[in-house]
Amino acid sequence: MTRFGWLGVHAEGVQALEGLIEVGAAPVAIITLRWDLARARSAAVDYRALARQFALPLYEIASINDESSVALLRQLSLDILFVIGWSQILHGAALRAPRIGAIGAHASLLPHNRGSAPVNWALIRGERVAGNSLMWLAEELDAGDLLDQTTFSITPYDTCATLYERVAVSNREMILRVLPRLLAGERPGRPQPPIREPALPRRRPADGLIDWRARGATIYDFVRALTRPYPGAFGWLDGERWIVWRAARLPDALRATASPGEVIGPMYSPEEAACGQVVACGGGDAIVLVEVESSDGRVLRGRRLSDQPWTGKRWSYEQANLGDRRAS
(Lines give C-alpha, C1' and ligand atoms only; values in the text may rest on other atoms or scores of the structure.)
Protein backbone atom coordinates (compact mmCIF):
# COMPACT_ATOMS: atom_id res chain seq x y z
CA MET A 1 0.00 0.00 0.00
CA THR A 2 1.36 3.42 -1.01
CA ARG A 3 2.13 5.58 2.02
CA PHE A 4 1.16 9.20 1.49
CA GLY A 5 2.06 12.16 3.66
CA TRP A 6 0.47 15.62 3.60
CA LEU A 7 2.26 18.96 4.03
CA GLY A 8 0.17 22.12 3.97
CA VAL A 9 -1.02 25.21 5.77
CA HIS A 10 -3.07 27.26 3.29
CA ALA A 11 -6.75 26.87 2.39
CA GLU A 12 -6.06 25.85 -1.21
CA GLY A 13 -5.10 22.37 -0.05
CA VAL A 14 -8.09 21.44 2.09
CA GLN A 15 -10.41 20.14 -0.64
CA ALA A 16 -7.66 17.95 -2.08
CA LEU A 17 -6.89 16.43 1.32
CA GLU A 18 -10.57 15.73 1.90
CA GLY A 19 -10.73 14.12 -1.54
CA LEU A 20 -7.94 11.69 -0.70
CA ILE A 21 -9.65 10.76 2.54
CA GLU A 22 -13.03 10.26 0.84
CA VAL A 23 -11.63 7.74 -1.66
CA GLY A 24 -9.78 5.76 0.99
CA ALA A 25 -6.28 7.10 0.33
CA ALA A 26 -5.82 9.10 3.52
CA PRO A 27 -2.27 10.20 4.33
CA VAL A 28 -0.53 8.46 7.21
CA ALA A 29 0.09 11.88 8.76
CA ILE A 30 -0.47 15.61 8.28
CA ILE A 31 2.44 18.01 8.71
CA THR A 32 1.64 21.69 9.10
CA LEU A 33 3.14 24.95 10.28
CA ARG A 34 2.98 25.69 13.99
CA TRP A 35 -0.19 27.68 14.57
CA ASP A 36 1.59 30.57 16.28
CA LEU A 37 3.48 31.03 12.99
CA ALA A 38 0.65 30.08 10.64
CA ARG A 39 -1.98 32.44 12.03
CA ALA A 40 -0.06 35.46 10.68
CA ARG A 41 -0.13 34.10 7.11
CA SER A 42 -2.77 34.95 4.53
CA ALA A 43 -5.37 32.20 3.98
CA ALA A 44 -3.85 29.91 6.61
CA VAL A 45 -6.00 27.01 7.82
CA ASP A 46 -5.92 25.45 11.28
CA TYR A 47 -5.08 21.88 10.30
CA ARG A 48 -5.43 20.80 13.91
CA ALA A 49 -9.21 20.74 13.52
CA LEU A 50 -8.98 18.72 10.29
CA ALA A 51 -6.66 16.20 11.91
CA ARG A 52 -9.11 15.72 14.79
CA GLN A 53 -12.04 15.43 12.40
CA PHE A 54 -10.42 12.63 10.40
CA ALA A 55 -8.44 11.06 13.27
CA LEU A 56 -5.10 11.59 11.53
CA PRO A 57 -1.74 12.12 13.27
CA LEU A 58 -0.68 15.76 13.12
CA TYR A 59 2.81 17.21 13.39
CA GLU A 60 3.44 20.96 13.74
CA ILE A 61 6.79 22.30 12.59
CA ALA A 62 8.56 25.62 12.10
CA SER A 63 10.46 24.69 8.94
CA ILE A 64 10.28 21.64 6.71
CA ASN A 65 14.03 21.83 6.16
CA ASP A 66 14.97 21.63 9.87
CA GLU A 67 16.86 18.50 10.88
CA SER A 68 13.98 17.49 13.11
CA SER A 69 11.47 17.85 10.24
CA VAL A 70 13.63 15.84 7.86
CA ALA A 71 14.00 13.18 10.54
CA LEU A 72 10.21 13.12 10.90
CA LEU A 73 9.76 12.60 7.16
CA ARG A 74 12.17 9.66 7.25
CA GLN A 75 10.51 8.21 10.34
CA LEU A 76 7.13 8.24 8.56
CA SER A 77 8.58 6.07 5.75
CA LEU A 78 6.60 7.89 3.09
CA ASP A 79 6.36 6.84 -0.52
CA ILE A 80 4.93 10.19 -1.67
CA LEU A 81 4.59 13.52 0.12
CA PHE A 82 1.85 15.86 -1.11
CA VAL A 83 2.93 19.49 -0.67
CA ILE A 84 -0.22 21.53 -1.32
CA GLY A 85 -0.66 25.05 0.02
CA TRP A 86 2.82 25.32 1.51
CA SER A 87 5.08 28.35 0.99
CA GLN A 88 8.48 27.04 2.15
CA ILE A 89 10.75 25.62 -0.56
CA LEU A 90 11.81 22.04 0.13
CA HIS A 91 15.56 21.54 -0.10
CA GLY A 92 17.58 18.42 -0.86
CA ALA A 93 17.22 16.35 2.31
CA ALA A 94 13.48 17.01 2.62
CA LEU A 95 12.94 16.32 -1.08
CA ARG A 96 14.78 13.02 -0.89
CA ALA A 97 12.97 11.76 2.22
CA PRO A 98 9.91 10.27 0.43
CA ARG A 99 10.83 7.10 -1.45
CA ILE A 100 9.18 8.04 -4.75
CA GLY A 101 9.12 11.83 -4.41
CA ALA A 102 7.15 14.92 -3.42
CA ILE A 103 4.20 16.27 -5.41
CA GLY A 104 3.30 19.94 -5.30
CA ALA A 105 0.96 22.38 -7.00
CA HIS A 106 1.73 25.82 -8.41
CA ALA A 107 -1.10 28.21 -9.26
CA SER A 108 -0.07 28.99 -12.83
CA LEU A 109 0.35 27.26 -16.16
CA LEU A 110 3.99 26.33 -15.73
CA PRO A 111 6.53 27.21 -16.86
CA HIS A 112 4.74 30.58 -17.13
CA ASN A 113 4.61 32.56 -13.87
CA ARG A 114 6.88 30.34 -11.81
CA GLY A 115 7.91 31.91 -8.51
CA SER A 116 6.01 33.74 -5.78
CA ALA A 117 2.35 34.81 -5.65
CA PRO A 118 1.40 33.72 -9.21
CA VAL A 119 -2.33 34.45 -8.81
CA ASN A 120 -1.70 37.94 -7.43
CA TRP A 121 0.84 38.74 -10.16
CA ALA A 122 -1.47 37.43 -12.91
CA LEU A 123 -4.16 39.88 -11.80
CA ILE A 124 -1.73 42.76 -11.31
CA ARG A 125 -0.37 42.24 -14.82
CA GLY A 126 -3.82 42.22 -16.36
CA GLU A 127 -3.60 38.63 -17.60
CA ARG A 128 -6.81 37.01 -18.77
CA VAL A 129 -5.89 33.32 -18.50
CA ALA A 130 -4.66 31.53 -15.39
CA GLY A 131 -4.35 27.95 -14.26
CA ASN A 132 -2.84 25.41 -11.92
CA SER A 133 -0.07 22.85 -12.34
CA LEU A 134 0.49 19.58 -10.47
CA MET A 135 4.14 18.56 -10.57
CA TRP A 136 6.92 16.58 -9.00
CA LEU A 137 9.02 18.89 -6.84
CA ALA A 138 12.63 19.34 -7.86
CA GLU A 139 15.67 21.22 -6.59
CA GLU A 140 15.10 23.98 -9.14
CA LEU A 141 12.16 26.27 -8.32
CA ASP A 142 8.86 25.18 -9.96
CA ALA A 143 10.75 23.16 -12.56
CA GLY A 144 9.75 19.53 -11.87
CA ASP A 145 7.99 17.20 -14.30
CA LEU A 146 4.32 17.99 -14.83
CA LEU A 147 1.61 15.55 -13.79
CA ASP A 148 -1.41 17.59 -14.86
CA GLN A 149 -2.58 21.14 -15.60
CA THR A 150 -5.88 22.99 -15.39
CA THR A 151 -6.69 26.20 -17.27
CA PHE A 152 -9.30 28.80 -16.34
CA SER A 153 -10.15 32.31 -17.47
CA ILE A 154 -9.72 35.46 -15.43
CA THR A 155 -12.92 37.50 -15.71
CA PRO A 156 -13.31 41.20 -14.86
CA TYR A 157 -15.21 40.10 -11.73
CA ASP A 158 -12.51 37.86 -10.27
CA THR A 159 -10.32 38.60 -7.26
CA CYS A 160 -7.40 36.72 -5.76
CA ALA A 161 -9.93 34.95 -3.51
CA THR A 162 -12.17 33.70 -6.33
CA LEU A 163 -9.20 32.50 -8.36
CA TYR A 164 -7.77 30.60 -5.39
CA GLU A 165 -11.16 28.93 -4.96
CA ARG A 166 -10.71 27.53 -8.48
CA VAL A 167 -7.14 26.56 -7.64
CA ALA A 168 -8.42 24.63 -4.60
CA VAL A 169 -10.99 22.76 -6.71
CA SER A 170 -8.42 21.94 -9.37
CA ASN A 171 -5.96 20.67 -6.75
CA ARG A 172 -8.52 18.09 -5.74
CA GLU A 173 -9.47 17.18 -9.31
CA MET A 174 -5.89 16.77 -10.53
CA ILE A 175 -4.76 14.71 -7.53
CA LEU A 176 -7.74 12.38 -7.80
CA ARG A 177 -7.11 11.97 -11.55
CA VAL A 178 -3.52 10.86 -11.03
CA LEU A 179 -4.17 8.87 -7.85
CA PRO A 180 -4.85 5.47 -9.51
CA ARG A 181 -1.47 5.59 -11.24
CA LEU A 182 0.28 6.54 -8.01
CA LEU A 183 -1.42 3.70 -6.16
CA ALA A 184 -0.24 1.36 -8.93
CA GLY A 185 3.35 2.34 -8.18
CA GLU A 186 3.84 4.48 -11.29
CA ARG A 187 5.71 7.78 -11.45
CA PRO A 188 4.00 9.61 -14.32
CA GLY A 189 5.11 13.01 -15.55
CA ARG A 190 6.42 14.99 -18.49
CA PRO A 191 9.21 17.58 -18.59
CA GLN A 192 8.25 21.23 -18.69
CA PRO A 193 8.94 23.07 -21.96
CA PRO A 194 11.86 25.51 -21.82
CA ILE A 195 11.03 29.15 -21.23
CA ARG A 196 13.04 32.34 -20.89
CA GLU A 197 11.11 34.08 -18.17
CA PRO A 198 12.37 35.28 -14.77
CA ALA A 199 10.74 33.90 -11.64
CA LEU A 200 8.09 36.11 -10.08
CA PRO A 201 9.43 38.13 -7.14
CA ARG A 202 8.05 37.78 -3.65
CA ARG A 203 5.38 40.27 -2.61
CA ARG A 204 5.24 41.97 0.79
CA PRO A 205 2.48 44.09 2.39
CA ALA A 206 4.43 47.30 1.67
CA ASP A 207 4.20 46.51 -2.05
CA GLY A 208 0.47 47.25 -1.89
CA LEU A 209 0.91 51.03 -2.19
CA ILE A 210 -1.38 52.36 -4.93
CA ASP A 211 0.17 54.62 -7.56
CA TRP A 212 -2.76 56.82 -8.60
CA ARG A 213 -0.83 57.91 -11.70
CA ALA A 214 -1.49 54.49 -13.21
CA ARG A 215 -4.44 53.92 -15.53
CA GLY A 216 -7.80 53.07 -13.98
CA ALA A 217 -7.77 49.48 -15.29
CA THR A 218 -4.34 48.92 -13.79
CA ILE A 219 -5.40 50.19 -10.36
CA TYR A 220 -8.61 48.14 -10.49
CA ASP A 221 -6.56 44.99 -11.21
CA PHE A 222 -4.12 45.93 -8.45
CA VAL A 223 -6.89 46.27 -5.85
CA ARG A 224 -8.57 42.96 -6.70
CA ALA A 225 -5.21 41.18 -6.77
CA LEU A 226 -4.43 42.14 -3.17
CA THR A 227 -7.82 42.07 -1.48
CA ARG A 228 -8.83 39.63 1.27
CA PRO A 229 -7.38 37.26 2.39
CA TYR A 230 -4.24 39.27 1.53
CA PRO A 231 -3.19 42.51 3.28
CA GLY A 232 -4.79 44.73 0.64
CA ALA A 233 -3.86 47.67 -1.59
CA PHE A 234 -3.58 50.96 0.27
CA GLY A 235 -3.11 54.70 0.01
CA TRP A 236 -2.96 57.82 2.18
CA LEU A 237 -5.71 60.43 2.57
CA ASP A 238 -5.38 63.37 4.96
CA GLY A 239 -2.32 61.68 6.46
CA GLU A 240 -4.25 58.52 7.31
CA ARG A 241 -3.54 55.11 5.80
CA TRP A 242 -6.55 53.44 4.16
CA ILE A 243 -6.80 49.93 2.75
CA VAL A 244 -8.86 49.72 -0.44
CA TRP A 245 -10.61 46.36 -0.28
CA ARG A 246 -12.95 46.79 -3.24
CA ALA A 247 -13.17 49.11 -6.22
CA ALA A 248 -15.27 49.41 -9.36
CA ARG A 249 -13.86 50.08 -12.79
CA LEU A 250 -15.37 52.84 -14.93
CA PRO A 251 -15.38 52.75 -18.76
CA ASP A 252 -12.08 53.71 -20.34
CA ALA A 253 -13.87 56.25 -22.55
CA LEU A 254 -14.87 58.25 -19.46
CA ARG A 255 -12.32 61.02 -19.01
CA ALA A 256 -11.68 62.81 -15.73
CA THR A 257 -10.29 66.35 -15.66
CA ALA A 258 -9.00 66.05 -12.08
CA SER A 259 -5.37 65.22 -11.35
CA PRO A 260 -4.41 61.65 -10.33
CA GLY A 261 -5.40 60.84 -6.76
CA GLU A 262 -7.96 63.64 -6.47
CA VAL A 263 -11.39 62.66 -5.12
CA ILE A 264 -13.87 63.74 -7.80
CA GLY A 265 -16.89 63.14 -5.61
CA PRO A 266 -19.32 60.58 -4.20
CA MET A 267 -21.13 57.87 -6.14
CA TYR A 268 -24.76 57.73 -4.97
CA SER A 269 -27.22 54.88 -5.44
CA PRO A 270 -30.26 53.38 -3.67
CA GLU A 271 -28.24 50.16 -3.88
CA GLU A 272 -25.78 50.19 -0.99
CA ALA A 273 -23.20 48.13 -2.90
CA ALA A 274 -23.09 50.73 -5.70
CA CYS A 275 -22.20 53.66 -3.43
CA GLY A 276 -18.65 54.90 -3.15
CA GLN A 277 -16.14 57.62 -3.91
CA VAL A 278 -14.79 58.42 -7.40
CA VAL A 279 -11.05 59.03 -7.60
CA ALA A 280 -9.09 60.31 -10.60
CA CYS A 281 -6.31 58.13 -12.01
CA GLY A 282 -3.64 58.55 -14.65
CA GLY A 283 -4.47 59.09 -18.30
CA GLY A 284 -7.74 60.83 -17.45
CA ASP A 285 -9.25 57.64 -16.00
CA ALA A 286 -11.16 57.24 -12.74
CA ILE A 287 -12.24 54.40 -10.46
CA VAL A 288 -14.84 54.07 -7.71
CA LEU A 289 -13.72 53.10 -4.23
CA VAL A 290 -16.42 50.74 -2.92
CA GLU A 291 -14.97 49.54 0.40
CA VAL A 292 -12.10 51.01 2.42
CA GLU A 293 -10.72 50.46 5.91
CA SER A 294 -8.81 52.91 8.07
CA SER A 295 -5.70 52.10 10.05
CA ASP A 296 -7.80 51.86 13.23
CA GLY A 297 -10.12 49.25 11.70
CA ARG A 298 -13.01 51.52 10.67
CA VAL A 299 -14.65 50.03 7.55
CA LEU A 300 -16.52 52.34 5.17
CA ARG A 301 -18.85 51.02 2.48
CA GLY A 302 -22.26 51.93 1.04
CA ARG A 303 -23.76 55.21 2.20
CA ARG A 304 -21.20 55.60 4.98
CA LEU A 305 -18.54 55.81 2.28
CA SER A 306 -20.39 58.01 -0.21
CA ASP A 307 -21.31 60.44 2.60
CA GLN A 308 -17.66 61.15 3.45
CA PRO A 309 -16.72 64.82 2.75
CA TRP A 310 -13.76 63.88 0.58
CA THR A 311 -14.51 65.80 -2.62
CA GLY A 312 -11.44 67.76 -3.72
CA LYS A 313 -9.10 65.98 -1.35
CA ARG A 314 -6.17 64.09 -2.80
CA TRP A 315 -4.77 60.64 -2.13
CA SER A 316 -1.00 60.88 -1.81
CA TYR A 317 1.18 58.43 -3.65
CA GLU A 318 4.73 57.43 -4.31
CA GLN A 319 6.12 55.40 -7.16
CA ALA A 320 4.52 51.99 -6.62
CA ASN A 321 5.59 48.75 -8.26
CA LEU A 322 2.47 47.72 -10.15
CA GLY A 323 4.42 45.27 -12.34
CA ASP A 324 4.34 44.84 -16.08
CA ARG A 325 0.91 44.43 -17.66
CA ARG A 326 1.02 41.40 -19.93
CA ALA A 327 -1.77 39.43 -21.51
CA SER A 328 -1.40 35.68 -21.61
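## Burial and the model

A residue is called buried when its relative accessible area is under 20%, exposed when that area is over 50%, and partly exposed in between, as found with a 1.4 Å probe on protein chains only. The structure described here is a predicted model, in which local features need pLDDT of at least 70 and side-chain atom pairs count only at pLDDT 80 or more, while totals for chains, interfaces and linings use all residues. Residues are numbered from 1 along each chain as its sequence is written, and side-chain values use heavy atoms, with hydrogens and water left out.

## The loop between E5 and H6

Helices (H or I, at least four residues) and strands (E, at least two) are DSSP runs, numbered from the N terminus. Asparagine 113 is found in the loop between E5 and H6, and it has a positive phi of about 60 degrees although it is not a glycine. With a relative accessible area of 2%, asparagine 113 is buried. Alanine 117 belongs to the loop between E5 and H6 and likewise has a positive phi, of about 50 degrees, without being a glycine; at 22% relative accessibility, however, alanine 117 counts as partly exposed.

Another cis peptide bond, with omega about 10 degrees, joins arginine 228 and proline 229, and proline 229 is placed in the loop between H8 and E8.

## Nonpolar cores

A nonpolar core is a set of buried Ala, Val, Leu, Ile, Met, Phe, Trp, Tyr and Cys residues joined through side-chain atoms within 4.5 Å. The largest one has 37 residues, and those that touch the most other members are Ile210, Trp212, Ile219, Leu289, Val292, Trp310 and Trp315. At least two residues of this core come from each of helix H6 (118-124), helix H7 (160-183), helix H8 (216-226), strand E8 (233-237), strand E9 (240-249) and strand E12 (286-294). Apart from it lies another core, of 27 residues, among them Ala25, Val45, Leu134 and Leu147.

What is isoleucine 219 in contact with, leaving aside its neighbours within four places in sequence? Where contact means heavy atoms within 4.5 Å, the partners of isoleucine 219 are Ile210, Asp211, Trp212, Ala214, Cys281 and Ile287.

## Helix H1

In helix H1 (residues 14-22), the residues Val14, Ala16, Leu17, Gly19, Leu20 and Ile21 are buried. The buried residues of H1 pack against strand E1 (4-7), strand E2 (29-33), helix H3 (47-54), strand E4 (80-83) and H7. After H1 comes glycine 24, whose phi is positive, near 85 degrees.

## Aromatic pairs

Rings of Phe, Tyr and Trp (its six-membered ring) pair if their centres lie within 6.5 Å; planes under 30 degrees apart count as stacked, over 60 as edge-to-face and the rest as tilted. A search of the whole structure finds 6 aromatic pairs. In one of them, phenylalanine 4 and phenylalanine 82 are tilted, at 5.3 Å centre to centre and with 45 degrees between the planes. This pair links distant parts of the chain, since phenylalanine 4 is in strand E1 and phenylalanine 82 in strand E4, 78 residues apart. Phenylalanine 4, at 1% relative accessibility, counts as buried, and phenylalanine 82, at 0%, counts as buried too.

The ring centres of tryptophan 212 and tryptophan 315 are 5.4 Å apart and their planes stand at 40 degrees, so this pair is tilted. Because tryptophan 212 lies in the loop between H7 and H8 and tryptophan 315 in strand E14 (residues 315-316), the pair ties together parts that are 103 residues apart in sequence. Both tryptophan 212 and tryptophan 315 are buried, and ring pairs link Trp212, Trp242, Trp310 and Trp315 into a cluster.
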